[in-house]
Amino acid sequence: MKTAIRTIAGAACIAALAACSSSDDDSARVSGLETDLAEANKALSDLQAEGAARLRYGGLHSQNLISSFDHEETRADDGATLTIGFSGSEQSRPDMVLDRTTASPPPLGDWQGEVFEAAHTVDSGQTEEQTVAVLYRSQLGTETYLQFGYWQTEASNSSGRSWFNRYGQLISARGNFEQVTDIAELQGTATFEGHAAGISAVSNPSNGQNDSGEFTADATLTVDFGDGSASGTIDNFTVAGERKGWTVELLPQMFDPNRGTFRLALGNRIADTRWKISAEQDTPGDSGANWWWATMVEDQGDESTGAIGGFQARYTNIGRMVGSFGTKKTE
């Protein structure tokens, strides 16, 4: 009997060991499959990021940018629509009327954001276009609003191909204000602080750097009235919800009283912005493709002063961005 019990017990142990071994093997296989799945998902995510960055980078060409001097936005009093009208070299383009959406981007300090969009077909219905505009606005003084933002149009066709069609900056002041065109009698320096927003892409597959999307950032502008120059910084970037260590320097420019702006002089090919992606990546951009401009406005109600403008920055052959900013004088 004892022998039978020992035999049964031995058989049970062998079965238990076999079960344990089988369970361990299954666990190892499951763990291996989970690892493979995680790696596959990571590879897919990387490919998607690379594709999105290449699409956005390829679309951020200067020929796709409609200068803020060639169009102007008009926001309905109730905020229900935004109309973008074109002038200058773009005057043949029809106005775009966009509807206010329920989306509200997080405020940037006291700058409130609104999103507008519109969809339509072109090429006899063969191409679908989707236009989205983001506009930030804030009170300057008692009688003036400052506004900045951007708009972009993406197109697609029935074959599934999509592309970045057109984009532009939204920069304006509304209300009872005057543009500052004479700074000769002003003394000392002035600091303007605010925020920026726009579109960016870093396409660098060889190093696994692929970022693209809409960005927000902080903006600072310093004006030296003594020599009529201005410089500034765009930093604290957030791109598609992710914080970046980027900095864009707005290199010194001189005030042009004929245009009432700090702006690249005609015929001047010197780069006016410098994009630092990281401490190791701070190569100056190529001339001509890197620029910024700003104009100062004064609220006629209480003489508060603000500065609004736009900029473009490129980092060698891997990064492109374009944006606008709105600031108020702090000191």
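Reader: Which residue in S3 stands opposite Thr74?

Author: In this predicted model, local features need pLDDT of at least 70, side-chain atom pairs count only at pLDDT 80 or more, and totals for chains, interfaces and linings use all residues. Numbering starts from 1 along each chain as its sequence is written, and side-chain values use heavy atoms, with hydrogens and water left out. S3 is a strand of residues 81–86 (a DSSP run of E, at least two residues, numbered from the N terminus). Standing opposite Thr74 in S3 is Thr83.

Reader: How many bridges join S2 to S3?

Author: S2 covers residues 71–75, and S2 and S3 run antiparallel. Two strands pair if DSSP finds at least two bridges between them. For S2 and S3, the number of bridges is five.

Reader: Which residue takes a positive phi in the hairpin of S2 and S3?

Author: The hairpin has five residues between its strands. The positive phi is near 75 degrees, and the residue that takes it is Gly79.

Reader: Is Asn290 buried or exposed?

Author: Asn290 lies in the loop between S16 (273–276) and S17. Buried means under 20% relative accessible area, exposed over 50%, and partly exposed in between, with a 1.4 Å probe and protein chains only. Because its relative accessibility is 0%, Asn290 counts as buried.

Reader: How far apart in space are Asn290 and Leu250, C-alpha to C-alpha?

Author: In sequence, Asn290 and Leu250 are 40 residues apart. In space, the C-alpha to C-alpha distance between them is 9.5 Å.

Note on methods
Helix = DSSP H or I, 4+ residues; strand = E, 2+ residues; numbered from the N terminus.
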